[in-house]
Amino acid sequence: MGKGCLSMSKYFLFLFNIIFFLFGVTIMGFGLWLLLDKQSFIVVLNNSTSVKVGCYILIGVGAFSMLMGFVGCLGAIYEIRCLLGLYFTCLLLILIAQIAAGALIYFQKEVLNDEMSNIVAKVLEGYPGNNSNTEQTWDYIQRTMECCGWNNRHDWNGNMVIRNSSQLLFPCSCQNASLSEENLSNSGFCESETSNWPVYNAGCSESVESWLITNLGVVLGICLGVAFIELLGMILSICLCRNIQMEDYTEVPKYNH
């Protein structure tokens, strides 16, 4: 490889690792946002250990990507073969881990859905209607997605307030405007005239699944883009590593004392 091509590969790999470093910053920031933000969907799932572990994994992956970007920059600019080899190995392990995680999610999707159902059932059962952060988030989900409960409206039958009330209560955020002319509250509980609540029949799981199917192309595109970037980094690092000239210490003059 000529010096011109070698220099171009070196600086291109350096630029690539700057992008990779920023990518790590984005992932870590997203993980921190999910963990700390009080207005996101994560608030509804704050009692799930697996969800919290997922947030910490995102933070860890982001920090690791930042470290790899830094190592790749050093290896490219100073042409350090051991750092380039370490960088290649880590990218390969990350790619394998991503493929394994994708396969695990695909084959365990029923288990994940059951766990999500259990988490939401506990949230609905203990929903007191006092406008807490968890309730605000769940009310927002039901209003915007036009759904009620996770599987269907009957998930609310286990709520302690509804079961113990002498009135016919239903969650206000489930209200279907086409079934009632009253302009009710957006949160808490509202009183129904009959046992047939004027609410949406569809569960929020259907809305979430529909959203995922609609945006499946975008999700797959992002995953393939990330995999392509990682493969490109691996190719550049191994090519640069193979073409960096090693010092021939056998030709170093020997001095006699």
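Which residues of H3 are buried? I began my notes there.

**Entry 1: ground rules.** This is a predicted model, where local features need pLDDT of at least 70, side-chain atom pairs count only at pLDDT 80 or more, and totals for chains, interfaces and linings use all residues. Residues are numbered from 1 along each chain as its sequence is written, and side-chain values use heavy atoms, with hydrogens and water left out.

**Entry 2: helix H3.** I looked up the buried set (buried is under 20% relative accessible area, exposed over 50%, partly exposed in between, with a 1.4 Å probe and protein chains only). In H3 it consists of Leu 84, Tyr 87, Cys 90, Leu 91, Ile 94 and Leu 95. An α-helix has 3.6 residues a turn, so residues three or four places apart point the same way. H3 covers residues 81–107, 27 residues in total, and reaches 39 Å from its first C-alpha to its last, close to the 39 Å expected at 1.5 Å a residue. That expected span is 1.5 Å times one less than the number of residues. Helices (H or I, at least four residues) and strands (E, at least two) are DSSP runs, numbered from the N terminus.

**Entry 3: the annotation.** I checked UniProt next: an unreviewed entry marks "transmembrane region" at residues 12–36, 56–77, 84–107 and 216–240. Such annotations may be inferred rather than shown by experiment, and positions follow the numbering used here, with feature names shortened. In the model, residues 56–77 are 100% helix, with end C-alpha atoms 32 Å apart. Residues 84–107 are also 100% helix, and their ends lie 35 Å apart.

**Entry 4: the cores.** A nonpolar core is a set of buried Ala, Val, Leu, Ile, Met, Phe, Trp, Tyr and Cys residues joined through side-chain atoms within 4.5 Å. The largest has 18 residues, and Trp 138, Trp 156, Trp 197, Val 199 and Cys 204 touch the most other members. Helix H4 (109–125), helix H5 (133–145) and strand S1 (169–171) each supply at least two of its residues. Apart from this core lies another, of 17 residues, including Leu 13, Phe 20, Ala 227 and Leu 236.

**Entry 5: two single residues.** Is Ser 205 buried or exposed? I have it as buried, because its relative accessibility is 16%. Ser 205 sits in helix H7 (residues 204–214), and a polar atom of its side chain lies 2.8 Å from the backbone oxygen of Trp 150. Then I turned to Ile 229, in helix H8 (residues 216–243). Ile 229 counts as partly exposed, at 35% relative accessibility. Its C-alpha is 9.8 Å from that of Ile 19, 210 residues away along the chain.

Notes: A polar contact is a pair of N or O atoms within 3.5 Å; within protein, one must be able to donate a hydrogen and the other to accept it, and residues adjacent in sequence count only if both atoms are side-chain atoms.
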